[in-house]
Amino acid sequence: MVDAEDKVAYFQAITGLEDRDLCSDILSAHNWDLELAIASFTANPNSSDDRDDHLSTAAAAGASTSTSTSTSTSDIMTPPSSVGPSIVWRLVTLPISVVSGGLGLISGAVGLGVWAVGGILSYSIGMIGLGPQGAHRSPLLQSSPSASEAADFVAAFETEFGQTATAMPRFVSEGFMEALQRSRQEYKLLFVYLHSPDHPDTPLFCHTTLCSQVFSDFVNHNFVSWGGSIRASEGFKMSNSFKASRFPFCALVMAATNQRIALLQQIEGPKTPEEMLSILQRVLEETAPVLVSARLEAEERRNTMRLREEQDAAYRAALEADQARERQRREEQERIERECAEEERKLKEEEEAREREAQEAAEREAALVRRRMEKALSLGAEPEKGPDVTQVLVRFPTGERKDRRFHSSANVQSIYDYVDSLECSNIEKYSLVSNFPRTVFGPEKLSLTLKEAGLHPQASLFVEPN
(Lines give C-alpha, C1' and ligand atoms only; values in the text may rest on other atoms or scores of the structure.)
Protein backbone atom coordinates (compact mmCIF):
# COMPACT_ATOMS: atom_id res chain seq x y z
CA MET A 1 0.00 0.00 0.00
CA VAL A 2 1.06 3.51 -0.71
CA ASP A 3 1.49 5.52 2.49
CA ALA A 4 -0.32 8.80 3.23
CA GLU A 5 2.60 10.98 2.23
CA ASP A 6 2.76 9.40 -1.24
CA LYS A 7 -0.99 9.83 -1.67
CA VAL A 8 -0.78 13.49 -0.70
CA ALA A 9 2.14 14.02 -3.09
CA TYR A 10 0.32 12.24 -5.88
CA PHE A 11 -2.89 14.18 -5.24
CA GLN A 12 -0.88 17.41 -5.40
CA ALA A 13 0.75 16.40 -8.67
CA ILE A 14 -2.60 15.61 -10.29
CA THR A 15 -4.72 18.47 -8.95
CA GLY A 16 -2.08 21.19 -8.89
CA LEU A 17 -2.92 22.16 -5.30
CA GLU A 18 0.10 23.45 -3.37
CA ASP A 19 -1.41 23.37 0.14
CA ARG A 20 -0.46 19.97 1.59
CA ASP A 21 -2.80 20.42 4.55
CA LEU A 22 -5.74 21.04 2.22
CA CYS A 23 -4.85 17.97 0.15
CA SER A 24 -4.61 15.91 3.33
CA ASP A 25 -8.05 17.14 4.47
CA ILE A 26 -9.61 16.29 1.09
CA LEU A 27 -8.13 12.78 1.12
CA SER A 28 -9.22 12.30 4.72
CA ALA A 29 -12.77 13.35 3.80
CA HIS A 30 -12.72 10.57 1.16
CA ASN A 31 -11.35 7.93 3.54
CA TRP A 32 -7.94 8.28 1.86
CA ASP A 33 -9.40 6.87 -1.34
CA LEU A 34 -7.10 8.60 -3.84
CA GLU A 35 -9.18 7.57 -6.82
CA LEU A 36 -12.46 8.85 -5.37
CA ALA A 37 -10.88 12.09 -4.08
CA ILE A 38 -9.43 12.96 -7.51
CA ALA A 39 -12.64 12.04 -9.33
CA SER A 40 -14.65 14.25 -6.96
CA PHE A 41 -12.17 17.14 -7.18
CA THR A 42 -12.12 17.16 -10.98
CA ALA A 43 -15.84 16.50 -11.53
CA ASN A 44 -16.48 20.17 -12.42
CA PRO A 45 -13.28 22.14 -13.07
CA ASN A 46 -15.12 25.28 -14.19
CA SER A 47 -16.50 26.37 -10.83
CA SER A 48 -14.82 26.43 -7.47
CA ASP A 49 -18.19 26.55 -5.69
CA ASP A 50 -19.44 23.50 -7.56
CA ARG A 51 -16.13 21.82 -6.80
CA ASP A 52 -16.67 22.32 -3.08
CA ASP A 53 -20.12 20.74 -3.49
CA HIS A 54 -18.55 17.80 -5.29
CA LEU A 55 -16.02 17.45 -2.52
CA SER A 56 -18.69 17.28 0.14
CA THR A 57 -20.73 14.86 -1.95
CA ALA A 58 -17.68 12.73 -2.61
CA ALA A 59 -16.91 12.70 1.07
CA ALA A 60 -20.36 11.34 1.82
CA ALA A 61 -20.00 8.78 -0.93
CA GLY A 62 -16.57 7.80 0.36
CA ALA A 63 -18.07 7.06 3.76
CA SER A 64 -20.46 4.49 2.29
CA THR A 65 -18.43 2.97 -0.57
CA SER A 66 -14.75 2.72 -1.43
CA THR A 67 -13.59 1.62 -4.88
CA SER A 68 -10.37 -0.32 -5.46
CA THR A 69 -9.08 -2.69 -8.09
CA SER A 70 -8.58 -6.35 -7.53
CA THR A 71 -4.98 -6.23 -8.64
CA SER A 72 -2.62 -4.45 -6.28
CA THR A 73 -3.30 -0.87 -7.45
CA SER A 74 -2.62 1.19 -4.36
CA ASP A 75 -0.20 3.21 -6.50
CA ILE A 76 -2.41 3.05 -9.61
CA MET A 77 -5.22 5.52 -10.27
CA THR A 78 -8.05 4.39 -12.50
CA PRO A 79 -10.98 6.85 -12.73
CA PRO A 80 -14.51 5.50 -12.38
CA SER A 81 -16.07 4.17 -15.54
CA SER A 82 -18.92 6.63 -15.27
CA VAL A 83 -16.53 9.44 -16.07
CA GLY A 84 -15.60 7.94 -19.44
CA PRO A 85 -12.48 6.43 -21.05
CA SER A 86 -9.41 6.96 -18.97
CA ILE A 87 -5.73 6.26 -18.60
CA VAL A 88 -4.32 3.98 -15.96
CA TRP A 89 -1.85 6.07 -13.97
CA ARG A 90 1.02 4.94 -11.83
CA LEU A 91 4.18 6.66 -10.70
CA VAL A 92 7.04 4.23 -11.12
CA THR A 93 10.31 4.80 -9.29
CA LEU A 94 13.20 3.70 -11.44
CA PRO A 95 16.08 1.66 -10.03
CA ILE A 96 19.14 3.77 -9.32
CA SER A 97 21.16 1.57 -11.66
CA VAL A 98 18.83 2.47 -14.54
CA VAL A 99 18.99 6.16 -13.71
CA SER A 100 22.75 6.26 -13.28
CA GLY A 101 23.25 4.06 -16.33
CA GLY A 102 21.21 6.54 -18.35
CA LEU A 103 23.41 9.50 -17.35
CA GLY A 104 20.81 10.77 -14.87
CA LEU A 105 18.78 12.37 -17.66
CA ILE A 106 15.54 12.14 -15.74
CA SER A 107 16.83 13.89 -12.62
CA GLY A 108 14.90 17.05 -11.89
CA ALA A 109 13.68 17.31 -15.46
CA VAL A 110 9.91 16.98 -15.39
CA GLY A 111 6.87 18.08 -13.38
CA LEU A 112 3.62 16.28 -14.08
CA GLY A 113 1.29 19.18 -13.31
CA VAL A 114 -2.45 18.80 -13.30
CA TRP A 115 -4.16 15.90 -15.06
CA ALA A 116 -7.94 15.95 -15.39
CA VAL A 117 -9.51 12.52 -14.99
CA GLY A 118 -12.46 11.48 -17.16
CA GLY A 119 -10.77 11.56 -20.54
CA ILE A 120 -9.82 15.30 -20.37
CA LEU A 121 -6.24 16.26 -19.45
CA SER A 122 -5.81 19.67 -17.87
CA TYR A 123 -3.89 22.39 -19.71
CA SER A 124 -2.54 23.51 -16.39
CA ILE A 125 0.30 21.01 -16.49
CA GLY A 126 3.52 22.58 -15.33
CA MET A 127 6.95 21.88 -16.59
CA ILE A 128 6.89 18.36 -18.00
CA GLY A 129 10.49 18.34 -19.16
CA LEU A 130 9.59 18.61 -22.84
CA GLY A 131 11.21 21.99 -23.16
CA PRO A 132 14.45 23.07 -24.79
CA GLN A 133 16.54 21.74 -21.91
CA GLY A 134 16.90 18.54 -23.89
CA ALA A 135 18.81 20.41 -26.56
CA HIS A 136 21.66 20.80 -24.12
CA ARG A 137 21.81 17.23 -22.84
CA SER A 138 25.07 15.49 -22.30
CA PRO A 139 26.35 13.30 -25.12
CA LEU A 140 25.41 9.63 -24.90
CA LEU A 141 28.04 7.25 -23.68
CA GLN A 142 28.70 5.06 -26.67
CA SER A 143 29.98 2.19 -24.58
CA SER A 144 27.35 2.23 -21.81
CA PRO A 145 25.99 -1.22 -20.89
CA SER A 146 22.35 -0.08 -21.33
CA ALA A 147 23.03 1.17 -24.86
CA SER A 148 24.85 -2.07 -25.71
CA GLU A 149 21.91 -4.15 -24.42
CA ALA A 150 19.45 -2.03 -26.42
CA ALA A 151 21.54 -2.41 -29.57
CA ASP A 152 21.73 -6.20 -29.02
CA PHE A 153 17.95 -6.38 -28.60
CA VAL A 154 17.31 -4.39 -31.79
CA ALA A 155 19.71 -6.59 -33.73
CA ALA A 156 18.17 -9.80 -32.36
CA PHE A 157 14.61 -8.57 -33.00
CA GLU A 158 15.42 -7.64 -36.59
CA THR A 159 17.12 -10.97 -37.14
CA GLU A 160 14.23 -13.00 -35.76
CA PHE A 161 11.22 -11.03 -36.98
CA GLY A 162 12.39 -8.32 -39.37
CA GLN A 163 13.45 -10.59 -42.20
CA THR A 164 9.94 -11.88 -42.83
CA ALA A 165 8.05 -8.71 -41.90
CA THR A 166 7.22 -5.82 -44.20
CA ALA A 167 7.49 -3.34 -41.32
CA MET A 168 8.49 -3.19 -37.67
CA PRO A 169 8.76 -0.59 -34.88
CA ARG A 170 11.92 1.47 -34.98
CA PHE A 171 13.29 0.62 -31.56
CA VAL A 172 16.06 3.03 -30.57
CA SER A 173 19.47 1.52 -29.87
CA GLU A 174 19.76 3.42 -26.63
CA GLY A 175 19.28 2.82 -22.94
CA PHE A 176 15.89 3.43 -21.38
CA MET A 177 16.84 6.82 -19.96
CA GLU A 178 18.26 8.00 -23.29
CA ALA A 179 15.08 6.89 -25.03
CA LEU A 180 13.01 8.75 -22.42
CA GLN A 181 15.10 11.84 -23.03
CA ARG A 182 14.60 11.48 -26.78
CA SER A 183 10.82 11.31 -26.30
CA ARG A 184 10.97 14.55 -24.31
CA GLN A 185 12.92 16.23 -27.05
CA GLU A 186 10.45 15.11 -29.71
CA TYR A 187 7.36 15.85 -27.55
CA LYS A 188 6.17 12.27 -27.82
CA LEU A 189 5.26 9.49 -25.44
CA LEU A 190 7.62 6.56 -25.00
CA PHE A 191 6.33 3.20 -26.24
CA VAL A 192 7.96 0.43 -24.19
CA TYR A 193 8.06 -3.22 -25.20
CA LEU A 194 9.45 -5.84 -22.81
CA HIS A 195 10.39 -8.95 -24.73
CA SER A 196 10.09 -12.39 -23.14
CA PRO A 197 11.80 -14.83 -25.55
CA ASP A 198 10.53 -17.90 -23.71
CA HIS A 199 6.85 -16.91 -23.57
CA PRO A 200 4.70 -18.90 -26.03
CA ASP A 201 2.68 -15.82 -27.08
CA THR A 202 5.74 -13.75 -27.94
CA PRO A 203 6.47 -14.98 -31.52
CA LEU A 204 2.87 -14.59 -32.72
CA PHE A 205 2.51 -11.16 -31.07
CA CYS A 206 5.72 -9.93 -32.65
CA HIS A 207 4.86 -11.28 -36.11
CA THR A 208 1.20 -10.32 -36.29
CA THR A 209 1.00 -7.21 -34.11
CA LEU A 210 4.32 -5.42 -33.67
CA CYS A 211 5.42 -6.12 -37.23
CA SER A 212 2.10 -5.34 -38.88
CA GLN A 213 2.28 -2.49 -41.36
CA VAL A 214 -0.53 -0.42 -39.86
CA PHE A 215 0.61 -0.77 -36.24
CA SER A 216 4.32 -0.16 -36.89
CA ASP A 217 3.56 2.89 -39.05
CA PHE A 218 1.33 4.32 -36.29
CA VAL A 219 3.91 3.70 -33.57
CA ASN A 220 6.83 5.01 -35.63
CA HIS A 221 4.94 8.18 -36.45
CA ASN A 222 3.54 8.98 -33.01
CA PHE A 223 5.91 7.48 -30.43
CA VAL A 224 9.53 6.92 -29.57
CA SER A 225 9.94 3.16 -29.21
CA TRP A 226 12.22 1.36 -26.79
CA GLY A 227 12.46 -2.38 -26.37
CA GLY A 228 14.35 -4.61 -24.02
CA SER A 229 14.68 -8.27 -23.32
CA ILE A 230 13.89 -9.40 -19.79
CA ARG A 231 16.94 -11.62 -20.08
CA ALA A 232 19.10 -8.49 -20.17
CA SER A 233 19.89 -6.46 -17.10
CA GLU A 234 17.98 -3.27 -17.93
CA GLY A 235 15.00 -5.10 -19.40
CA PHE A 236 14.75 -7.24 -16.27
CA LYS A 237 14.93 -4.19 -13.99
CA MET A 238 12.25 -2.36 -15.99
CA SER A 239 10.06 -5.45 -15.83
CA ASN A 240 10.31 -5.37 -12.04
CA SER A 241 9.66 -1.62 -11.97
CA PHE A 242 6.52 -2.01 -14.10
CA LYS A 243 5.50 -5.08 -12.07
CA ALA A 244 4.85 -6.93 -15.30
CA SER A 245 2.80 -10.07 -14.63
CA ARG A 246 1.97 -11.17 -18.17
CA PHE A 247 3.73 -11.15 -21.47
CA PRO A 248 3.91 -9.77 -24.09
CA PHE A 249 4.14 -6.51 -22.12
CA CYS A 250 3.81 -3.00 -23.57
CA ALA A 251 3.55 0.36 -21.83
CA LEU A 252 3.20 4.04 -22.59
CA VAL A 253 5.18 6.30 -20.27
CA MET A 254 6.40 9.84 -19.86
CA ALA A 255 8.86 11.41 -17.45
CA ALA A 256 7.92 12.50 -13.94
CA THR A 257 9.87 13.95 -11.05
CA ASN A 258 12.36 12.53 -8.57
CA GLN A 259 13.68 9.73 -10.78
CA ARG A 260 10.18 8.54 -11.56
CA ILE A 261 8.17 7.98 -14.68
CA ALA A 262 4.43 8.28 -15.22
CA LEU A 263 2.96 5.02 -16.44
CA LEU A 264 0.07 6.17 -18.64
CA GLN A 265 -1.01 2.74 -19.91
CA GLN A 266 0.25 -0.80 -19.63
CA ILE A 267 -0.87 -3.56 -21.92
CA GLU A 268 -0.32 -7.16 -20.81
CA GLY A 269 -0.94 -10.30 -22.80
CA PRO A 270 -1.33 -10.82 -26.54
CA LYS A 271 -3.36 -8.24 -28.45
CA THR A 272 -4.35 -7.86 -32.06
CA PRO A 273 -3.12 -4.87 -34.06
CA GLU A 274 -6.62 -3.40 -33.92
CA GLU A 275 -6.78 -3.67 -30.14
CA MET A 276 -3.34 -2.14 -29.74
CA LEU A 277 -4.19 0.68 -32.11
CA SER A 278 -7.39 1.43 -30.22
CA ILE A 279 -5.57 1.66 -26.88
CA LEU A 280 -2.68 3.70 -28.24
CA GLN A 281 -5.02 6.02 -30.14
CA ARG A 282 -7.08 6.68 -27.00
CA VAL A 283 -3.99 7.43 -24.90
CA LEU A 284 -2.60 9.63 -27.66
CA GLU A 285 -5.86 11.61 -27.88
CA GLU A 286 -5.99 12.13 -24.13
CA THR A 287 -2.37 13.24 -23.85
CA ALA A 288 -2.41 15.34 -27.03
CA PRO A 289 -3.43 18.59 -25.26
CA VAL A 290 -0.50 18.28 -22.88
CA LEU A 291 2.05 17.45 -25.59
CA VAL A 292 0.72 20.15 -27.91
CA SER A 293 0.73 22.67 -25.07
CA ALA A 294 4.29 21.69 -24.16
CA ARG A 295 5.38 21.94 -27.78
CA LEU A 296 3.73 25.36 -28.16
CA GLU A 297 5.24 26.59 -24.92
CA ALA A 298 8.66 25.37 -25.99
CA GLU A 299 8.22 27.01 -29.38
CA GLU A 300 7.12 30.20 -27.68
CA ARG A 301 10.18 30.05 -25.44
CA ARG A 302 12.40 29.49 -28.45
CA ASN A 303 10.73 32.34 -30.31
CA THR A 304 11.07 34.55 -27.26
CA MET A 305 14.70 33.57 -26.89
CA ARG A 306 15.29 34.09 -30.61
CA LEU A 307 13.53 37.46 -30.47
CA ARG A 308 15.60 38.42 -27.43
CA GLU A 309 18.76 37.34 -29.22
CA GLU A 310 17.72 39.34 -32.30
CA GLN A 311 16.94 42.33 -30.13
CA ASP A 312 20.25 41.91 -28.32
CA ALA A 313 22.04 41.62 -31.67
CA ALA A 314 20.22 44.70 -32.99
CA TYR A 315 21.05 46.56 -29.78
CA ARG A 316 24.68 45.52 -30.01
CA ALA A 317 24.79 46.55 -33.67
CA ALA A 318 23.19 49.91 -32.85
CA LEU A 319 25.54 50.32 -29.89
CA GLU A 320 28.55 49.50 -32.04
CA ALA A 321 27.31 51.92 -34.71
CA ASP A 322 26.85 54.62 -32.07
CA GLN A 323 30.28 53.87 -30.66
CA ALA A 324 31.78 53.99 -34.15
CA ARG A 325 30.09 57.33 -34.82
CA GLU A 326 31.24 58.60 -31.44
CA ARG A 327 34.80 57.45 -32.19
CA GLN A 328 34.62 59.11 -35.60
CA ARG A 329 33.26 62.30 -34.01
CA ARG A 330 36.01 62.26 -31.38
CA GLU A 331 38.67 61.60 -34.01
CA GLU A 332 37.33 64.41 -36.18
CA GLN A 333 37.21 66.72 -33.18
CA GLU A 334 40.73 65.71 -32.18
CA ARG A 335 41.90 66.29 -35.76
CA ILE A 336 40.33 69.75 -35.81
CA GLU A 337 41.83 70.50 -32.41
CA ARG A 338 45.24 69.34 -33.62
CA GLU A 339 44.93 71.49 -36.74
CA CYS A 340 43.84 74.47 -34.67
CA ALA A 341 46.67 73.88 -32.23
CA GLU A 342 49.11 73.57 -35.13
CA GLU A 343 47.77 76.75 -36.69
CA GLU A 344 48.01 78.56 -33.39
CA ARG A 345 51.54 77.26 -32.93
CA LYS A 346 52.54 78.50 -36.38
CA LEU A 347 50.90 81.86 -35.78
CA LYS A 348 52.64 82.11 -32.43
CA GLU A 349 55.97 81.16 -33.98
CA GLU A 350 55.46 83.70 -36.76
CA GLU A 351 54.51 86.33 -34.22
CA GLU A 352 57.53 85.46 -32.10
CA ALA A 353 59.71 85.56 -35.23
CA ARG A 354 58.34 88.97 -36.14
CA GLU A 355 58.89 90.16 -32.60
CA ARG A 356 62.43 88.80 -32.61
CA GLU A 357 63.07 90.38 -35.98
CA ALA A 358 61.69 93.70 -34.82
CA GLN A 359 63.67 93.45 -31.64
CA GLU A 360 66.82 92.57 -33.56
CA ALA A 361 66.16 95.41 -35.98
CA ALA A 362 65.65 97.75 -33.07
CA GLU A 363 68.82 96.46 -31.47
CA ARG A 364 70.69 96.87 -34.74
CA GLU A 365 69.35 100.37 -35.11
CA ALA A 366 70.26 101.16 -31.55
CA ALA A 367 73.70 99.66 -32.10
CA LEU A 368 74.05 101.67 -35.32
CA VAL A 369 73.08 104.86 -33.52
CA ARG A 370 75.53 104.11 -30.76
CA ARG A 371 78.23 103.34 -33.32
CA ARG A 372 77.53 106.57 -35.13
CA MET A 373 77.80 108.49 -31.91
CA GLU A 374 80.97 106.67 -30.95
CA LYS A 375 82.47 107.22 -34.40
CA ALA A 376 81.53 110.88 -34.36
CA LEU A 377 83.08 111.31 -30.95
CA SER A 378 86.23 109.51 -32.04
CA LEU A 379 86.69 111.90 -34.99
CA GLY A 380 86.92 114.96 -32.84
CA ALA A 381 86.35 118.47 -34.22
CA GLU A 382 86.77 119.09 -37.95
CA PRO A 383 90.04 121.02 -38.50
CA GLU A 384 90.18 124.31 -40.33
CA LYS A 385 91.68 124.56 -43.80
CA GLY A 386 95.40 124.53 -43.91
CA PRO A 387 98.44 123.00 -45.58
CA ASP A 388 98.27 119.96 -43.30
CA VAL A 389 94.56 119.47 -43.80
CA THR A 390 93.16 117.07 -46.37
CA GLN A 391 89.79 117.65 -48.03
CA VAL A 392 87.88 114.36 -48.57
CA LEU A 393 84.68 113.99 -50.65
CA VAL A 394 82.63 110.80 -50.12
CA ARG A 395 80.00 109.69 -52.61
CA PHE A 396 77.29 107.13 -51.60
CA PRO A 397 75.51 104.63 -53.88
CA THR A 398 72.38 106.73 -53.55
CA GLY A 399 74.18 109.68 -55.18
CA GLU A 400 74.40 111.58 -51.95
CA ARG A 401 77.70 113.34 -51.24
CA LYS A 402 79.39 114.21 -48.00
CA ASP A 403 82.73 115.96 -47.45
CA ARG A 404 84.98 116.68 -44.48
CA ARG A 405 88.44 117.92 -43.63
CA PHE A 406 90.94 115.67 -41.89
CA HIS A 407 94.48 116.17 -40.65
CA SER A 408 96.86 114.70 -43.19
CA SER A 409 98.39 112.72 -40.36
CA ALA A 410 95.06 111.00 -39.68
CA ASN A 411 94.84 107.41 -40.90
CA VAL A 412 92.47 105.98 -43.48
CA GLN A 413 90.40 104.43 -40.64
CA SER A 414 89.26 107.93 -39.67
CA ILE A 415 87.54 108.27 -43.08
CA TYR A 416 85.67 104.95 -42.42
CA ASP A 417 84.70 106.28 -38.98
CA TYR A 418 83.38 109.41 -40.64
CA VAL A 419 81.26 107.42 -43.09
CA ASP A 420 79.96 105.23 -40.26
CA SER A 421 78.90 108.31 -38.29
CA LEU A 422 76.64 109.58 -41.05
CA GLU A 423 72.94 108.81 -40.91
CA CYS A 424 72.79 108.37 -44.67
CA SER A 425 75.10 105.40 -44.37
CA ASN A 426 73.15 102.20 -43.67
CA ILE A 427 75.66 99.88 -45.31
CA GLU A 428 77.33 97.58 -42.83
CA LYS A 429 80.03 96.18 -45.09
CA TYR A 430 81.62 98.38 -47.70
CA SER A 431 84.93 99.60 -49.07
CA LEU A 432 86.20 103.08 -49.93
CA VAL A 433 87.45 103.25 -53.53
CA SER A 434 89.14 106.01 -55.61
CA ASN A 435 88.65 106.09 -59.37
CA PHE A 436 91.81 107.67 -60.89
CA PRO A 437 93.65 105.50 -60.42
CA ARG A 438 91.27 102.91 -58.98
CA THR A 439 92.44 102.13 -55.56
CA VAL A 440 90.58 100.12 -52.93
CA PHE A 441 91.39 101.21 -49.44
CA GLY A 442 90.81 97.92 -47.73
CA PRO A 443 91.75 96.62 -44.30
CA GLU A 444 95.46 96.52 -45.18
CA LYS A 445 95.51 100.31 -45.70
CA LEU A 446 93.45 101.38 -42.74
CA SER A 447 96.53 102.21 -40.69
CA LEU A 448 98.10 104.43 -43.38
CA THR A 449 97.95 108.19 -42.96
CA LEU A 450 96.08 110.12 -45.57
CA LYS A 451 99.35 111.54 -46.85
CA GLU A 452 100.89 108.06 -47.08
CA ALA A 453 97.78 106.72 -48.81
CA GLY A 454 98.03 109.43 -51.48
CA LEU A 455 94.84 111.15 -50.43
CA HIS A 456 96.43 114.52 -49.45
CA PRO A 457 95.68 117.34 -50.08
CA GLN A 458 92.28 116.24 -51.39
CA ALA A 459 90.56 113.04 -52.46
CA SER A 460 87.29 111.79 -53.88
CA LEU A 461 86.16 108.35 -52.64
CA PHE A 462 83.19 106.15 -53.46
CA VAL A 463 81.34 103.90 -50.97
CA GLU A 464 81.29 100.51 -52.65
CA PRO A 465 79.17 97.83 -50.88
CA ASN A 466 80.94 94.52 -50.45
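Among contacts in the protein chain between residues at least 6 apart in sequence, what percentage join residues at least 24 apart? The share is 67%, where contact means heavy atoms within 4.5 Å.

## The model and its chain

This is a predicted model, in which local features need pLDDT of at least 70 and side-chain atom pairs count only at pLDDT 80 or more, while totals for chains, interfaces and linings use all residues. Residues are numbered from 1 along each chain as its sequence is written, and side-chain values use heavy atoms, leaving out hydrogens and water.

The protein chain holds 12 helices and 11 strands; these are DSSP runs numbered from the N terminus, with helices being H or I of at least four residues and strands E of at least two. Of its 466 residues, 41% count as buried, meaning under 20% relative accessible area, with exposed set at over 50% and partly exposed in between (1.4 Å probe, protein chains only).

## Two helices side by side

Let's start with α1 (residues 4-15) and α3 (residues 34-41), which pack at an angle of about 25° with their axes 11 Å apart. Axes here are lines fitted to C-alpha atoms, for helices over the stretch in contact, and angles run from 0 to 180 degrees between N-to-C directions. The two helices α1 and α3 are therefore roughly parallel to each other, the term for angles under 35 degrees.

On the α1 side, K7, Y10, F11, I14 and T15 meet L34, A37, I38 and F41 of α3. The residues of this contact divide into seven nonpolar, one polar and one charged; Ala, Val, Leu, Ile, Met, Phe, Trp, Tyr, Cys and Pro count as nonpolar, Asp, Glu, Lys and Arg as charged, and the others, Gly among them, as polar.

## A residue in α11

Next comes L277, in helix α11 (residues 273-379). L277 counts as buried because its relative accessibility is 19%. Not counting residues up to four places away in sequence, L277 touches V214, F215 and F218. L277 and V214 are 63 residues apart in sequence, yet 8.6 Å apart in space, C-alpha to C-alpha.

## The five-stranded sheet

Five strands form an open sheet in the order β8-β7-β11-β9-β10, with mixed pairing. Its edge strands, β8 (401-407) and β10 (439-441), each pair on one side only; strands pair if DSSP finds at least two bridges between them. On average, neighbouring strands of this sheet are turned by 30° against each other, direction ignored.

Within the sheet, β7 (residues 389-395) and β11 (residues 458-465) pair in the parallel sense over five bridges, and L393 stands opposite S460 in β11. Helix α12 (residues 412-421) lies across β7, β8, β9 (430-434), β10 and β11, running at about 120° to β9.

Definitions and conventions:
Parallel < 35°, antiparallel > 145°, perpendicular 65-115°, else oblique.
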